[in-house]
Amino acid sequence: MKLVFATNNVHKLSEVRQILGERFDVVGLKDIGCYEDIPETSDTLEGNALQKARYVKEHYGLDCFADDTGLEVAALGGAPGVHTARYAELAAQSLDSGERFTPSQLSHDSNANMALLLHNLEKKSDRSARFRTVIALIYQGEEHLFEGVCEGEILCERHGSEGFGYDPVFRPTGYDRCFAQMSAAEKNAISHRGRATQKLVQFLQTL
Ligand code: IMP
């Protein structure tokens, strides 16, 4: 079954392919010739995931799923949440003066994002956090949403070299290693995206 995953992130594509298995031919945006920057302007994960899936359906006529993930940190009132990818960029934009980076330099910059997160948690005793993924699927004209959550905490410093994004500072509950110290298979089994994808798979298997 051919399905478009509305992403250009090679890490996410390979994670999802691993979870979905051979029955599904998952292709990314580049594979369908989509090089546009799909708008993500909602203030919720659900809204952004739906927005991306609807864009592909409307412009390319293909069944599609899209995801959006947020890191929700309790001591920061749920931030960075829907702004997780652009956490440092948005913070830099709100600085009054003395900016050392242009927004485009910080866009999706994991190092800058983690540095800001660690800084903002320096004086906080509660370091609990969770990753939340929402997947929106458009299949045969119907829209479906699937959610996956991974509870954990933010470490005081970075560890490991696997994965991407905030993996070096996120340790899932019940584990003594962070995501960046786990194999892809180990992470997929417990991750937010893994759990949301499992729900997507269970649904697809009922079709
Ligand atoms: P996206 O919606 O999947 O693009 O995720 C938004 C941002 O959350 C990404 O740019 C990453 O910084 C972060 N993120 C998402 N998933 C993960 C993960 O599995 N590990 C670490 N960071 C992640």
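1. Basis. Numbering runs from 1 along each chain as its sequence is written, and side-chain values use heavy atoms, without hydrogens or water. In this predicted model, local features need pLDDT of at least 70 and side-chain atom pairs count only at pLDDT 80 or more, while totals for chains, interfaces and linings use all residues.

2. Ligand shell. There are 13 residues around the ligand, each with a heavy atom within 4 Å of it. Lys12, Asp68, Thr69, Asp167 and Lys187 come nearest. By class, the shell has 4 nonpolar, 4 polar and 5 charged residues. Here Asp, Glu, Lys and Arg count as charged; Ala, Val, Leu, Ile, Met, Phe, Trp, Tyr, Cys and Pro as nonpolar; the others, Gly among them, as polar.

3. Ligand atom pairs. A ligand nitrogen is 2.5 Å from a side-chain N or O atom of Asp167. A ligand nitrogen is also 3.0 Å from a polar backbone atom of Tyr166. His192 places a polar side-chain atom 3.1 Å from a ligand oxygen.

4. Ligand cover. Alone, the ligand exposes 470 Å², and the protein buries 90% of that (Shrake-Rupley areas, 1.4 Å probe). Strand E3 (64-73) and helix H7 (192-205) each give two or more residues to the shell (DSSP runs, at least four residues for helices and at least two for strands).

5. Helix H5. Within residues 110-120, Ala112, Asn113, Met114, Leu116, Leu117 and Leu118 are buried (under 20% relative accessible area, 1.4 Å probe, protein chains only). At the start of H5, a side-chain oxygen of Asp109 comes within 2.9 Å of the backbone nitrogen of Asn111.

Conventions: A polar contact is a pair of N or O atoms within 3.5 Å; within protein, one must be able to donate a hydrogen and the other to accept it, and residues adjacent in sequence count only if both atoms are side-chain atoms. Buried means under 20% relative accessible area, exposed over 50%, partly exposed in between (1.4 Å probe, protein chains only).
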